[in-house]
Amino acid sequence: MLSLKSIRLRLVEPSDAEFILKLRLDERYNNFLSKVDNDIESQRRWIINYKKDEADKRQFYFIIERQDGTPCGTVRIYDLKADSFCWGSWILNEHKTRYAAIESALLVYQYGFDFLGFRKCHFDVMKGNSKVADFHKKFGAIIVSEDNDNHYFEITKESVDKMAVKFKDLIG
């Protein structure tokens, strides 16, 4: 389990299916996510199948929790390449802490850079999702390409390390 001042990440379990489905179906949070069916059993099966990828170290799906154990979001690491990892499926709900976005991003980068050993990260942000794009730019991510729907970003471990120092006093 990864942890900072107000939140922690733990790997998803099939028992999280209801929480994840509720998040993904909530119109306040799903505007820039791929659509899912309102089917709890389908979500549970997806998690069970995902756990095989986790065991093979091909992807990692986390529940974001407050330190008191209240779930407040999800995030996923996937598309592992020779020198880079991708992250997404990032949702934070109304139970998030004040710095949950910063802390969860730093924990994802810690996992990808420090535990998995990657030197950079790649990800996409749908055009129109300016709040998330701006967040990543402030972290030091740069747009490396785009298509009709998405901006494609990269960020290095060095850029993230600089941000971690900047936020050290906020997140302990």
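Start by selecting helix α3: 12 of its 16 residues are buried, so the helix is largely enclosed by the rest of the structure. Buried here means under 20% relative accessible area, exposed means over 50%, and partly exposed lies in between (1.4 Å probe, protein chains only). Helices (H or I, at least four residues) and strands (E, at least two) are DSSP runs, numbered from the N terminus.

The model is a predicted one, in which local features need pLDDT of at least 70 and side-chain atom pairs count only at pLDDT 80 or more, while totals for chains, interfaces and linings use all residues. Residues are numbered from 1 along each chain as its sequence is written, and side-chain values use heavy atoms, with hydrogens and water left out.

Colour the buried residues of α3, among them A100, I102, L106, Y109 and F113. Just after the helix, G117 has a positive phi of about 85°.

Next, select F85, W87, Y109, F123 and F139. Of the 36 residues in the largest nonpolar core, these touch the most other members. Helix α3 (residues 100–115) gives the most to this core, with nine residues. A nonpolar core is a set of buried Ala, Val, Leu, Ile, Met, Phe, Trp, Tyr and Cys residues joined through side-chain atoms within 4.5 Å.

Centre the view on F85. Leaving aside residues up to four places away in sequence, F85 touches residues including I77, L80, V108, Y109, F113, F118 and C121. Contact means heavy atoms within 4.5 Å.

Then pick L23, I47, I63 and I91, which are included in a second, separate core of 11 residues.

**The sheet**

Eight of them form an open sheet with mixed pairing, in the order β1-β2-β3-β4-β5-β6-β8-β7. β1 (2–3) and β7 are at the edges with a single partner strand each, so one side of each has no neighbour in the sheet. Two strands pair if DSSP finds at least two bridges between them.

Go to strand β6 (residues 120–126) and strand β8 (residues 150–156), which pair antiparallel over seven bridges. In this region, M126 stands opposite N150 of β8. On to strand β7 (residues 142–146): four bridges join it to β8, again in the antiparallel sense. E146 has H151 in β8 as its bridge partner, and a hairpin of three residues joins β7 to β8.

Move to strand β2 (residues 7–11), which is joined to β3 by five bridges and runs antiparallel to it. L11 is paired with F62 in β3.

Helix α2 lies across β2, β3 and β4, and runs at about 110° to β3. Axes are lines fitted to C-alpha atoms, for helices over the stretch in contact, and angles run from 0 to 180 degrees between N-to-C directions.

**Two backbone stops**

Most residues other than glycine have a negative phi. Which phi does K57 have, positive or negative? K57 has a positive phi of about 60°, although it is not a glycine. K57 is in the loop between α2 (40–55) and β3 (60–66), and is exposed, with a relative accessible area of 58%.

Finish at S89, also not a glycine, with a positive phi of about 50°. S89 belongs to strand β5 (residues 84–92) and, at 14% relative accessibility, counts as buried.
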